[in-house]
Amino acid sequence: MCLLDRLACRSALGKPVSPLAFARACFPGQALAAALMVVTVVPLTSATAADEPHFGKPITAQELAPWDISVGPDGAGLPPGKGTVAQGEAVFAAKCQACHGEKGQGRPNDRLVGGNIAPGQPTVKTVGSYWPYATTLFDYVRRAMPWDRPKSLSDDEVYAVAAYVLYLNGILGQDAALDAQSLPKVKMPNRDGFTPFPRWPPK
Amino acid sequence: MGRRRKEAPRAEPAAGNGILSRRFFLERTLAAGAAGLGASAAAAEPLAVPPWSREPGSDFTAYGQPSRFEGKVVRSWAAPANPATPGIGSSRTPHHLLDGMITPSGLHYERSHSGVPDIDPEQHRLLIHGLVRQPLVFSLEDLSRYPRVSRIAFIECAGNSGALYTAQAQPLNVQAIHGLLSCSDWTGVKLSTLLDEAGIDPRAKWVLAEGADASGMSRSFPLAKALDDAMVCLYQNGERVRPSNGYPLRLLLPGFEGNMNVKWLRRLNLVDAPIMTKDETSKYTILLKEDKAWQFVFPIEVKSIITRPSPGLTLKGPGFYEISGLAWSGNGRIRQVDVSADGGQSFAPAVLQEPVLPKALTRFRAAWQWGGGPAVLQSRAIDETGMVQPSRAQFVAERGLRGNFHYNAIASWRIDQAGEATNVFA
């Protein structure tokens, strides 16, 4: 530590000492000590007081917005817009049904509706039987669906098709609509079905 | 100048049904033991000079390929449930035909949710944003200027060995059961270097990682892992990361389940709580015997498999065989691997092939004198934290058979009198 302190003191006006930063980046853990020994025999000339590597380019929140598509369980990240169950039924029929089956019953791809996770019967995980958060449905459909043209649905269409899938699962009524305020409030049947893995983090 | 064989140590039995002492590997010369090692050699055919020794060979090649005689050493995959949506699923590493600890890049297992994207590295960008002092964008050229690190690490799909989550054993081989496992030498930049540059807000506790593929595959992982040993990787086994393994940039979270090692990495969002993405809620969670499911099962726990002998590699009559396999733990180094030829009634320690590295595949070897009768081969690994690979009975007692993911119980190959190996539950 003494060595580290001395080096830090002698660096000019708070500018990081570059060999140290380099050594930290290159040598994890105990190897750092060995790397420091090499550093100390080199006089602190301009050659060793170079900049720490900083190659990232600043970007504003507005400029990065097209990539900022994650939606948290509290609804953070949900965009403006709105969609109804009825609108979602039309979107589903046109863009989802070929893979997920009529009314989301599945085949050839994943079943979205019904299912079961109670012991003693065959396990069928669906949005209705297993997914803990409705926000996940919006996040996933917007980024990944429909399979052949992901990221092509409007935000209104994503709200609508999410509402329709939740309606098919008996979670929303036939007249329901979803937007950024109502979606995070949807209580999924399996909301409390998860528990953290007991052996991580390690004791 | 013959060696004085009668003074050499003997290949001693170390466990039931023909498992020999690991002294067999550790000492230079061993005489045949009581079991009659080496007694069966028939005389060789007379030697002829082959054609390839009588004419010049072929010219240089720009990028080498395996011998044309090795055409069976390939990845395998199941036909998709829907032919209209290819690229959803996985291909598997043929571990029964490989040796050593490194998986050739072209045989590394593949897993994709919407196919393999064709990414132009000139246009690829990595964004770091969220709870940071300054959001930053990096080009590949930017990333290539940082100090680099290399480490050898396994990646195992959480769904590997999922075929053993059944009540009845299925007639499958190593590749079909355990092929979602590979190990490479990864080179890139420590993630902590990049996060420090962006400036970590004290409220940040998790990181969302997202891929640039059509599915925008995304996972949340603890910031502590990012600051521990996470890397963003540019190179795999010395060359640029292969497209199906994340070209031009993949996240490496050593020891964590494969899905979290996000390929085609384009975005890291520092957040205060997990995003609860599709792949950390509806998938990659372990449904237990009752209604509850384990979530955030990050590390691959201690595990081993025997790759040889194994189904499809028929034994050629009684005599000496090397039992060889792979052991690994997402929690550190492998400390010991024991092998059994009697279905776990007795075990003896195998030799660990150096180097033995943390969170990397470790090759083990044991000597076996097969008497020609029925046998059940098993391996049991112990890691440096002291965690012991569970028996199937222990594993099923803890979590049942509905988990789908993170199957790591002891696996068994039954050898019948014809020398054929079969997947069994023992």
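**Notebook: chains A and B**

The model is predicted, so local features need pLDDT of at least 70 and side-chain atom pairs count only at pLDDT 80 or more, while totals for chains, interfaces and linings use all residues. Residues are numbered from 1 along each chain as its sequence is written, with chains lettered from A and ligands numbered from 1 in the order in which they are written.

**Entry 1: chain A.** I found eight helices and four strands in chain A, in the order α-α-α-β-α-β-α-α-α-α-β-β from the N terminus. Helices (H or I, at least four residues) and strands (E, at least two) are DSSP runs, numbered from the N terminus. Of the 203 residues in chain A, 32% are buried, meaning that 20 or more other C-beta atoms lie within 10 Å of the residue's own, with C-beta atoms placed from the backbone.

**Entry 2: the A-B contact.** I noted 44 residues from chain A and 53 residues from chain B in the contact. On the chain A side, the elements that give two or more residues include helix 2 (18-26), helix 7 (134-144) and strand 4 (194-196). Helix 7 of chain A supplies the largest share, six residues. By class, this side has 29 nonpolar, ten polar and five charged residues. I counted Ala, Val, Leu, Ile, Met, Phe, Trp, Tyr, Cys and Pro as nonpolar, Asp, Glu, Lys and Arg as charged, and the others, Gly among them, as polar.

Entry 3: I traced an open, mixed sheet of three strands in the order 4(A)-16(B)-15(B). Strand 4 of chain A and strand 15 (286-287) of chain B each have a single partner strand, so one side of each lacks a neighbour in the sheet. Strands pair if DSSP finds at least two bridges between them. Three bridges join strand 4 of chain A in parallel to strand 16 (residues 293-295) of chain B, where A:F194 stands opposite B:A293. Strands 15 and 16 of chain B run antiparallel, with two bridges; B:I286 has B:W294 as its bridge partner.

**Entry 4: domains of chain B.** I looked up domain 1 (125-276) and domain 2 (303-424), with bounds from an automatic or database domain assignment. Their centres, taken over C-alpha atoms, are 29 Å apart. In chain B, 23 residues of domain 1 are in contact with 22 residues of domain 2. The domain 1 side of this contact has 15 nonpolar, eight polar and no charged residues.

How values were computed:
Two residues are in contact if their C-beta atoms, placed from the backbone, lie within 7 Å. A residue is buried if 20 or more other C-beta atoms lie within 10 Å of its own, exposed if 12 or fewer, and partly exposed in between; C-beta atoms are placed from the backbone.
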